[in-house]
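The exercises below ask you to work through a structure step by step. Look at the sequence and the structure first, and then try each task before reading its solution.

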Amino acid sequence: MASRAGQDAKGAPHRPRRGRPPQLSREQIVSAALASNLETLTLRELAARLGVTHGALYRWISNRDELMDMVSDVLVERILPADEPEEGQWRPWLRRLAWSMHDEFLAVPGYATRTARPHRHNAESFGRLRAGVIRAFTGAGVSPELAEQSWYIFGTSLVSWLAAQEQSLDLGDGRPRFDLFLDVLLRGLPAREPADPPPAGRDDREIG
């Protein structure tokens, strides 16, 4: 027997489902955010882009930090190679990863600049990125401690270079070449002991 309008088959009235509205998805939110300037984007502007109310978007994310966490999750999924770094192939693996970072970060206005600034990063997504890079450096034959140091050098150098491109710094004639930058960076990694000593007269307590 057909149910009356507003009731289910048992005669109980339909109730609106609570929680995230069906017209929104994680992919839609991230897609709209990536098409904007993340440096200046507000949640109200994002809601307008999505064609929903601020309250509807709030059911998914309540502040910019949560938005950036969601964006970072998607970008790290795109950046990380699907395969694991194999022994003896760690450098080509890192090269593919670095070029993916270059393409994905610079495709999102403001993302590299924000990532380069001191702030709370998405622990889960950046943790996956860190773990993959450390496995690559461990496969190069260095200790876990030196693999950790190598990750720090690799990650901060890449993000700083990409952020500098967004800022269009005037560093002289000629366009900076990422291929040359990456080649020099990878030739110097992984970090190894002993490191060169600091200049004479420098206080050792200033190191690290």
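**Exercise 1.** Which residues of the largest nonpolar core touch the most other members?

*Solution.* The model is a predicted one, in which local features need pLDDT of at least 70 and side-chain atom pairs count only at pLDDT 80 or more, while totals for chains, interfaces and linings use all residues. Residues are numbered from 1 along each chain as its sequence is written, and side-chain values use heavy atoms, with hydrogens and water left out.

Begin with the term itself: a nonpolar core is a set of buried Ala, Val, Leu, Ile, Met, Phe, Trp, Tyr and Cys residues joined through side-chain atoms within 4.5 Å, where buried means under 20% relative accessible area, exposed over 50% and partly exposed in between, with a 1.4 Å probe and protein chains only. The largest such core holds 57 residues, and the members that touch the most others are Leu94 and Phe154. Its largest share, nine residues, comes from helix α8 (residues 144-167), helices being DSSP runs of H or I with at least four residues, numbered from the N terminus.

**Exercise 2.** At what angle do the axes of α8 and helix α9 cross?

*Solution.* Axes are lines fitted to C-alpha atoms, for helices over the stretch in contact, and angles run from 0 to 180 degrees between N-to-C directions. The axes of α8 and α9 (residues 178-187) cross at roughly 165° and come within 11 Å. Because angles over 145 degrees count as roughly antiparallel, α8 is roughly antiparallel to α9. On the side of α8 the contact is made by Ile153, Phe154, Ser157, Leu158, Trp161 and Leu162, and on the side of α9 by Phe178, Phe181, Leu185 and Leu186.

**Exercise 3.** Is Val159 buried or exposed?

*Solution.* Locate Val159 first, in helix α8. Its relative accessible area is 11%, so Val159 is buried. Leaving aside neighbours within four places in sequence, Val159 is in contact with Met101, Phe105, Ala112, Thr115 and Ala116.

Methods. Helices (H or I, at least four residues) and strands (E, at least two) are DSSP runs, numbered from the N terminus. Angles under 35 degrees count as roughly parallel, over 145 as roughly antiparallel, 65 to 115 as roughly perpendicular and the rest as oblique. Contact means heavy atoms within 4.5 Å.
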